[in-house]
Amino acid sequence: MPDTQPQSIDAVQEMLQGADYVADRSLATVLFLALKMGRPLFLEGEAGVGKTEIAKVLADQLKRPLIRLQCYEGLDVSSAVYEWDYARQMIEIRLAEATETADKDRLSSDIFSEKFLIKRPLLKALESNVSGAPVLLIDELDRTDEPFEAFLLEVLSDFQVTIPEFGTIRAKEPPIVIITSNRTREIHDALKRRCLYHWVDYPNAEREKEIIARKLPRVDARLSEQIVLFIQALRRDPNLFKLPGVAETLDWSSALTELDIISLDPDVINDTLGVLLKYQDDIVKIQGSEAAEIIQKINKELGTK
């Protein structure tokens, strides 16, 4: 393994903290093992808890290229792996025909050579790089279809891709693979078996305050505490359609700072809930008396400290 990789769990935690990513030891442990064993890391959890950010931090801290495959329904091989540049191939054929000296066997070999191959993220991730194997982020795999999952099995098992007209392309050094899922559907066991697994949960109050302090040092300490306690209260509400993640915590903290807010009150909460909650039914439920009741309890709790 490259010398740039952390050689202990503590080193992984230090690396993450160096990029202002606040992680618990269980995440640092599984990340260390994934790097050490050369295994893909499958991260599952609610949207906005920081799964994608882990791949970005790894690429930045290890000085590796980040190659991101953003998944969506209908994603296929031509978009994820490769496709042939048909327009250039046709031009090549027409030029060969115009000279009337075309060798059909040679022409067939030429038009299916690497210069006509359009490389998509998965194929790019198998290429050698002077700075080391890239970090391959396969983001929101649960948005794709099951046939694409099946195709990934070859990539994740042997770090290779077979192109019928060209042959098998194999990575000299396997990429560092991070796969994320928001669990909108279950991922097949065959793919999970090829990975190490970790559930990325919402942070507790202390860790969320540390995240704000690292990412947004301008936020007032008392306001930060109010924000965290308010969001933690929302996450305990079983009736909300979409709970706010860490991304929303940071967005709301930043927005309140831009408005020069130094303390939460019901009016401020009502005016800015659209930054924190993204569904109208959730906003309507929290606005007004619900928000007032939550902030009253928070202020009472803070006043007794």
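Colleague: How many aromatic pairs does the count come to?

Modeller: The count comes to 7 aromatic pairs, in a model that is predicted.

Colleague: Why is the pair of phenylalanine 230 and tryptophan 252 called tilted?

Modeller: The ring centres of phenylalanine 230 and tryptophan 252 are 5.5 Å apart, and a pair requires centres within 6.5 Å. The planes stand at 45°; under 30 degrees would count as stacked and over 60 as edge-to-face, so the pair is tilted.

Colleague: Which parts of the chain does this pair link?

Modeller: Distant ones: phenylalanine 230 belongs to helix H11 (residues 221–235) and tryptophan 252 to helix H12 (residues 246–258), 22 residues apart. Both phenylalanine 230 and tryptophan 252 are buried.

Colleague: Which residues form one aromatic cluster?

Modeller: Tyr82, Trp84, Phe112 and Phe166 form it.

Colleague: Why is aspartate 139 called buried?

Modeller: Aspartate 139 has 2% relative accessibility and the cut-off for buried is under 20%, so aspartate 139 counts as buried. Aspartate 139 sits in strand S5 (residues 135–139).

Colleague: What makes the approach of aspartate 139 to arginine 68 a polar contact?

Modeller: The two side chains come to 2.7 Å, and the limit for a pair of N or O atoms is 3.5 Å. Beyond four places in sequence, aspartate 139 touches Arg68 together with Thr52, Leu69, Gln70, Cys71 and Thr180.

Colleague: How do you know that tyrosine 21 is buried, given that it is found in a loop?

Modeller: The relative accessible area of tyrosine 21 is 9%; the threshold is under 20%, so tyrosine 21 is buried. The loop in question runs between helix H1 (9–18) and helix H2 (25–37).

Colleague: What does the side chain of tyrosine 21 reach?

Modeller: The backbone oxygen of glycine 50, at 2.9 Å.

Colleague: Which residues lie nearest the centre of the largest pocket?

Modeller: Gly48, Val49, Gly50, Lys51 and Glu53, out of 30 lining residues. The volume of the largest pocket is about 530 Å³. Helix H3 (51–61), strand S9 (196–199), helix H10 (205–215) and H12 each supply at least two residues of the lining. By class, the lining has 14 nonpolar, 6 polar and 10 charged residues.

Colleague: What is the volume of the second largest pocket, and which element gives the most to its lining?

Modeller: The second largest pocket has a volume of about 240 Å³. Its lining includes Leu229, Gln232, Asp237, Glu290 and Lys297. H11 and helix H15 (289–303) are the elements giving two or more residues, and H15 gives the most, with 6 residues. The lining divides into 5 nonpolar, 1 polar and 6 charged residues.

Colleague: Why does aspartate 237 count as buried?

Modeller: Aspartate 237 has a relative accessible area of 12%, and buried means under 20%, so aspartate 237 is buried. Aspartate 237 is placed in the loop between H11 and H12.

Colleague: What makes the link between aspartate 237 and lysine 285 a polar contact?

Modeller: The side chains are joined at 2.8 Å, against a limit of 3.5 Å. Apart from residues up to four places away, aspartate 237 touches Lys285, Leu243, Ile286 and Glu290.

Key
Residues are numbered from 1 along each chain as its sequence is written. This is a predicted model: local features need pLDDT of at least 70, side-chain atom pairs count only at pLDDT 80 or more; totals for chains, interfaces and linings use all residues. Side-chain values use heavy atoms; hydrogens and water are left out. Rings of Phe, Tyr and Trp (its six-membered ring) pair if their centres lie within 6.5 Å; planes under 30 degrees apart count as stacked, over 60 as edge-to-face and the rest as tilted. Helices (H or I, at least four residues) and strands (E, at least two) are DSSP runs, numbered from the N terminus. Buried means under 20% relative accessible area, exposed over 50%, partly exposed in between (1.4 Å probe, protein chains only). A polar contact is a pair of N or O atoms within 3.5 Å; within protein, one must be able to donate a hydrogen and the other to accept it, and residues adjacent in sequence count only if both atoms are side-chain atoms. Contact means heavy atoms within 4.5 Å. On a 1 Å grid over the protein atoms alone, a cavity is a set of points where a 1.4 Å probe fits but cannot get out, and a pocket is an open set with protein on both sides within 12 Å along at least five of seven lines; lining residues have an atom within 4 Å of a point. Grid points are joined across faces, edges and corners, and a volume is the space filled by probe spheres set on the points. Ala, Val, Leu, Ile, Met, Phe, Trp, Tyr, Cys and Pro count as nonpolar, Asp, Glu, Lys and Arg as charged, and the others, Gly among them, as polar.
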